[in-house]
Amino acid sequence: MLRLHDTMTRRLMPVEPLEAGHVRMYTCGPTVWNRAHIGNFRAFVFEDVLRRVLEQRFGRVTHVMNLTDVDDRIVKNAMTHGHTLEEETAPWIVAFFADVDALGIRRAHHYPRATDYIEEMVSLVERLDAREVTYRSDGSVYYRIAAFPRYGQLSGVRAVALVAGASGRIDADDYTKEDARDFALWKAAGQGEPGWETRLGWGRPGWHLECSAMNLALLGETIDIHCGGVDLVFPHHENEIAQSEAATGKKFVRLWCHNAFLQIDEAKMSKRLGNFLTLGDIVDGEEGRRPSTVRYLLAATAQYRKTLNYSDESLEAAKGAVDRLILFRDRLDATAPSRRDGDAVKLAARIRADFDACLDDDLNLPEGMGHVFTMVRDANRLLDEGRVDGPGLDALRQLVEHVDDVLGVLPLVDVERAATLSPEDRRMLSERAEARARKDWATSDQIRTALARRGILVEDTAGGQRWRPAG
Ligand code: AMP
Ligand code: ZN
């Protein structure tokens, strides 16, 4: 049974969707004011691995990820550049999806944009008005945290009133709020600033409001799983709970999952600190790293609740792991069944059970990969000895498929390989495929030799010819 660490109860909890066979999952998405960095992608890759495991275990997942396309930084940049909000965010949204695809992240079923949900957010504030948890000050609408006694349960932040100015701490210079912890549901905007004329007045939504409104609109009042990085626990997710539960009177989220940070030189990778790298920096940079390596690093070199350090060595280790896996898959594809049987079926079954058990234990993919690489070593020995028969080969191939259904690196490698082919290589490969189709073995062998000289090794598999770079 799949268990995940729940931030609310601070315990491992079984995943038991409200509706059998259907998990509703919400993950906080990027603020599209800049290109997302690979720290952000640690969160998105973790969520993708979770989504893949949920799909294996439960069949159906409805996954929603918001795009925050209005916030103070976006407004500031738009005004500086003379752009509308849409013009300002459009290129960053394109870049985000390009990176999502390059990293093999399964697309969410919905990517709601905050600016498309203004009416839903206004209605939600009106519901909160009716529950008397709001107040108005200087044209903005605030949430009165003192009116929600459960505030602080998720993060453990003490629910002690912090009157603005009294503590000298948070927002001490903001006297428009009754309590420094109170947060804006709706922010009054100046004339000439981007905004919306609504029943709440001229302004724009606060960040926390969008996630509550979109959850309600797309997934309902109670959802199964809500994810994000640990930096979102407080105040963002605490505020989402306060908004959603005050409005509906129902439990908002059944399981809260938060990933730890990707660090670089012992510090959290963040835009604010300026110590960030984007996928483009790594892939198109001098190192010329591959997306499959980056995905492996983020997904499988540290369990998601452990801090992960970005370094050349960690990338190198990730690359080594992907290479070992791909070589093994290629070898299985190129091997003909032998007559002797060395119990590869049993080996595959045992490793599959171990791999699944690691994922069931709070998504421990690194430990799961440890079992997979033990299997690779043992299976390679059996292959060397000619002791893998037909059923054995099938079982090993299916195991690799099962593992990569979660890990998600093999299709990336195939894309990466294809990108390194020259047009001439491509022509020769297709000529060879045609020669084989008409059983012209002499031509096919001739082209194979010619390709080998060009550094391309071709093997014939049950699914047709497959090639890989030599060396
Ligand atoms: P943002 O665009 O800042 O709202 O962040 C999008 C997601 O990335 C959130 O789930 C953050 O918690 C997460 N995140 C930001 N920085 C990091 C980091 N260095 N490591 C892991 N997750 C991060
Ligand atoms: Zn959110």
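This is a short tour of one predicted model, stop by stop, for a reader with the viewer open.

Residues are numbered from 1 along each chain as its sequence is written, and chains are lettered from A and ligands numbered from 1 in the order in which they are written. Because the model is predicted, local features need pLDDT of at least 70 and side-chain atom pairs count only at pLDDT 80 or more, while totals for chains, interfaces and linings use all residues; side-chain values use heavy atoms, with hydrogens and water left out.

**The ligand**

Select ligand 1 together with the 19 residues around it, of which Gly39, Gly229, Asp231, Leu262 and Met269 come nearest (a residue is near a molecule if one of its heavy atoms lies within 4 Å of it). Next, show the polar contacts, meaning pairs of N or O atoms within 3.5 Å. An oxygen atom of ligand 1 lies 2.4 Å from an N or O atom in the side chain of Asp231, and an oxygen atom of the ligand is also 3.0 Å from a polar backbone atom of Gly229. The protein covers 92% of the 500 Å² of accessible area that ligand 1 has on its own, an area computed by the Shrake-Rupley method with a 1.4 Å probe.

Now colour the shell by element, where helices (H or I, at least four residues) and strands (E, at least two) are DSSP runs numbered from the N terminus. The elements giving two or more residues to the shell are α1 (38-58) and β10 (223-229), and α1 gives the most, with five residues.

Then select Glu132, in the loop between α4 (118-130) and β5 (134-137), where phi is near 60°, a positive value in a residue other than glycine.

**The helices around α12**

Finally, select helix α11 (residues 365-384) and helix α12 (residues 390-407), whose axes, lines fitted to C-alpha atoms over the stretch in contact, come within 12 Å and cross at roughly 155°. On a scale from 0 to 180 degrees between N-to-C directions, angles over 145 count as roughly antiparallel and those under 35 as roughly parallel, and α11 and α12 are therefore roughly antiparallel to each other.

Methods:
Polar contact = N/O pair within 3.5 Å; in protein donor to acceptor, adjacent residues only side chain to side chain. Parallel < 35°, antiparallel > 145°, perpendicular 65-115°, else oblique.
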